[in-house]
Amino acid sequence: MVADERFHLWAVLLALPISVIGISRGVLGHRHTVVAALAGLGLLSLLAGALWVEGKNQEILFSVFGATVLAGAHLLNWRLSRGLRAA
């Protein structure tokens, strides 16, 4: 169980700088700050699931929600960076 928790923390710590760099580069180009807000929500949810949430079900809920929102932010960022319609 401790190994699982450490893996979760390391995964979040790896996702954090990669996401910040990728999202920042896109937002600086297309200027849609909602992308940064979504990415922040996703990262915060992932971090909460890794550090603060008690119970396996809650940890899974926060992690899946955070990963989904973060993935959506990256997809939106990618689309906006290429001039594609966001919807």
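Leaving aside neighbours within four places in sequence, valine 27 is in contact with His32, Thr33, Val35, Ala36 and Asn77, where contact means heavy atoms within 4.5 Å. That's our way into this protein, which comes to three helices and zero strands. This is a predicted model, so local features need pLDDT of at least 70 and side-chain atom pairs count only at pLDDT 80 or more, while totals for chains, interfaces and linings use all residues. Residues are numbered from 1 along each chain as its sequence is written, and side-chain values use heavy atoms, with hydrogens and water left out.

**The overall picture**

- Read along the sequence, the pattern is α-α-α; helices (H or I, at least four residues) and strands (E, at least two) are DSSP runs, numbered from the N terminus.
- The C-alpha trace spans about 45 × 20 × 15 Å along its principal axes.
- Of the protein's 87 residues, 30% count as buried, and here buried means under 20% relative accessible area, exposed means over 50%, and partly exposed is in between (1.4 Å probe, protein chains only).
- Take the contacts between residues at least 6 apart in sequence: 63% of them join residues at least 24 apart.
- The accessible surface is about 5,900 Å², and 70% of that belongs to carbon and sulfur atoms; areas come from the Shrake-Rupley method with a 1.4 Å probe, and for residues only the protein chains shown count as cover.

**The nonpolar core**

- Twelve residues make up the largest nonpolar core: Val12, Ile23, Val27, Val35, Ala39, Leu43, Leu46, Ala50, Leu70, Ala73, Leu76 and Leu80.
- The elements giving two or more residues to this core are helix 1 (2-30), helix 2 and helix 3, and helix 2 gives the most, with five residues.
- In case the term is new, a nonpolar core is a set of buried Ala, Val, Leu, Ile, Met, Phe, Trp, Tyr and Cys residues joined through side-chain atoms within 4.5 Å.

- Isoleucine 21 and arginine 6 are 15 residues apart in sequence and 23 Å apart in space, C-alpha to C-alpha.
- Proline 17 also lies in helix 1, but counts as partly exposed because its relative accessibility is 39%.
- Proline 17 and glycine 83 are 66 residues apart along the chain, and their C-alpha atoms are separated by 25 Å.
- Arginine 31 is found in the loop between helix 1 and helix 2, and counts as exposed at 62% relative accessibility.
- Most residues other than glycine have a negative phi. Arginine 31 has a positive one, near 65°.

**Helix 2**

- Helix 2 (residues 34-51) has 18 residues and reaches 25 Å from first C-alpha to last, close to the 26 Å expected at 1.5 Å a residue; the expected span is 1.5 Å times one less than the number of residues.
- Its buried residues are Val35, Ala39, Gly42, Leu43, Ser45, Leu46, Ala48, Gly49 and Ala50.
- Leucine 47 lies in helix 2 too, and touches Val12 and Trp52, not counting residues up to four places away in sequence.
- Leucine 47 and leucine 80 are 33 residues apart in sequence and 26 Å apart in space, C-alpha to C-alpha.

**Helix 3 and just beyond**

- Why does the length of helix 3 (residues 56-81) agree with what it should span? At 1.5 Å a residue, its 26 residues should span 38 Å, and its end C-alpha atoms are 37 Å apart.
- The buried residues of helix 3 are Glu59, Ser63, Gly66, Val69, Leu70, Ala73, Leu76, Asn77 and Leu80.
- Asparagine 77, which lies in helix 3, is buried because its relative accessible area is 6%.
- Leaving out residues up to four places away in sequence, asparagine 77 touches Gly22, Ile23, Gly26, Val27, His30 and Val35.
- Just after helix 3, glycine 83 takes a positive phi of about 75°.
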